[in-house]
2 protein chains.
Amino acid sequence: MTLKVVSAKLAAEIDKELMGPKVGFTLQQLMELAGFSVAQAVTRQFPLDKTSSEKTNVFVIAGPGNNGGDGLVAARHLKLFGYNPIVYYPIRSSRTEFYKQLTNQLEFFKIPVLSQDNSADWKDYLKPEKTLCVVDAIFGFSFKPPLREPFSSIVNELHKLQETVPIVSVDVPSGWDVDKGPVEDIYIDPAVLVSLTVPKPCSELLKSGKTAHYIGGRFIPRDFANKYGFEPFNYEGTDQILKL
Amino acid sequence: MTLKVVSAKLAAEIDKELMGPKVGFTLQQLMELAGFSVAQAVTRQFPLDKTSSEKTNVFVIAGPGNNGGDGLVAARHLKLFGYNPIVYYPIRSSRTEFYKQLTNQLEFFKIPVLSQDNSADWKDYLKPEKTLCVVDAIFGFSFKPPLREPFSSIVNELHKLQETVPIVSVDVPSGWDVDKGPVEDIYIDPAVLVSLTVPKPCSELLKSGKTAHYIGGRFIPRDFANKYGFEPFNYEGTDQILKL
């Protein structure tokens, strides 16, 4: 039987093997490609209106782990694509020097990076009339409920905002259980989901037809996908995303 | 005055600053993007003929330094894009563990990687009737003539072959002086040049109209380009290359 989705547990195994000694991908490579694919999905879904320069902001909320790193990379590419990204990065990862470098790169591109200190009012920077979408890069396939502060408050705010500004979730809508979907009464209901490598079970709970579902993270060969029980996706040309 | 090209010396300064403590790009990130752009240029210039599966090979020759690394990354993306890359990597870099990982990644994708040992007859693997192009990723902007073995012999062979199989040079046609162009009687005359970040002076010596010239390596902001005296390129959408 061919899997359409892989569980949180299997996703962790895939990730581990991809960065293990045999395959030898590095986090930096995979994150660059994943972040690029998120930026491409945003561009596909929310093309810049060349006749108007009013609405070019993309508000990226980056979590403390690798999902957040994907968001930081996506912000940099979005700037190169002509967007005006603003990043809210409340809990900065200190696990490796590389995370510090990712934020240096954003400064190099003059992309504002808000931290918890200067953003008691991060919402003031999220101006709906100027914002095409919010990128939810808070938590990915290794998240386990419940949400804790400051992220539970952030998700509450996004819940209020999501009818006004569409949300693009990276891999998993933040706060959702990876396998079971929404577990709280108040949850993010993304307008766009960008699944990385292969969708997770919670993606099957998206309201059909309402959420645009993209796959990104084009970096595995067919054999590897088959070994884990799924088929690779038929990306076109050099595209790093495919709309499902 | 706006520069159209930057010298070998300036290119080295740009590279150093991009990977310096302030900007904080890593080699792994820049190489992933550069290699991706080379693969995209190959795809744009030599699209796969979907009606025929005869001619899908791309023969990548990787040098011992970072230009070679770009070639290794390009080979991996080309495989994902449906091509059949074959890599000749005669002198393998041992400068960092990362280079070993790049070749592991190729094995993971079942891409043949020939070394000097198993390829006294590397040319036997380069079958013109099956090969869309040769990617010359031997030397880049830090090369100083003269060519030494085994690369002088390889360039001699490519010189003989180039009327039959088009050559795609990465950043600099290998063997050319970065600033002055061809310095030997026998030299590579590429069908395609993919300049990275900004063209080098030797690119102005390409026979006008004969060589398709692409720019790739889309990873610097406008201010940074201007600081070094050139204008950034008007890439379209999410493209990682632009045909000049």
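The backbone nitrogen of B:F139 lies 3.0 Å from a polar atom of the side chain of B:S174. The model is predicted: local features need pLDDT of at least 70 and side-chain atom pairs count only at pLDDT 80 or more, while totals for chains, interfaces and linings use all residues. Residues are numbered from 1 along each chain as its sequence is written, chains are lettered from A and ligands numbered from 1 in the order in which they are written, and side-chain values use heavy atoms, with hydrogens and water left out.

**Ser174 in chain B**

- B:S174 is located in the loop between β5 (167–170) and β6 (192–196) of chain B; helices (H or I, at least four residues) and strands (E, at least two) are DSSP runs, numbered from the N terminus.
- B:S174 counts as buried, at 1% relative accessibility; buried means under 20% relative accessible area, exposed over 50%, and partly exposed in between, with a 1.4 Å probe and protein chains only.
- The side chains of B:S174 and B:D136 make a polar contact at 2.4 Å. Such a contact is a pair of N or O atoms within 3.5 Å; within protein, one must be able to donate a hydrogen and the other to accept it, and residues adjacent in sequence count only if both atoms are side-chain atoms.
- With neighbours within four places in sequence left aside, B:S174 is in contact with B:D136, B:I138, B:F139, B:V155, B:S169 and B:I188, where contact means heavy atoms within 4.5 Å.

- An unreviewed UniProt entry places the feature "binding site" at A:N67, A:D136 and A:S174. These residues span 108 residues in sequence, yet no two of their C-alpha atoms are more than 9.8 Å apart, so they gather at one spot.
- UniProt positions are given in the numbering used here, feature names are shortened, and annotations may be inferred rather than shown by experiment.
- A:N67 belongs to helix α3 (residues 66–80) of chain A and is buried, with a relative accessible area of 8%.
- A polar atom of the A:N67 side chain lies 3.3 Å from the backbone nitrogen of A:I138.
- Beyond its neighbours within four places in sequence, A:N67 is in contact with residues including A:D136, A:I138 and A:D171.
- A:S174 sits in the loop between β5 (167–170) and β6 (192–196) of chain A and is buried, with a relative accessible area of 1%.
- The side chain of A:S174 makes a polar contact with that of A:D136 (2.4 Å).

**Interface of chains A and B**

- Chain B and chain A each contribute 35 residues to the contact.
- The two chains bury about 3100 Å² between them, 62% of it on carbon and sulfur atoms; buried area is the accessible area (1.4 Å probe) that two parts lose on being put together, summed over both.
- In chain B, the residues that lose the most area to chain A are B:Q29, B:F108 and B:T238, together 21% of what that side buries.
- Across the interface there are 2 salt bridges, each a side-chain nitrogen of Lys or Arg within 4 Å of a carboxyl oxygen of Asp or Glu.
- A:D223 and B:K110 meet through their side chains in a salt bridge (2.8 Å, N to O).
- On the side of chain B that touches chain A, α2 (27–45), α3 (66–80), α4 (97–108) and α6 (222–227) of chain B are the elements that give two or more residues. The largest share of that side, 7 residues, comes from α2(B).
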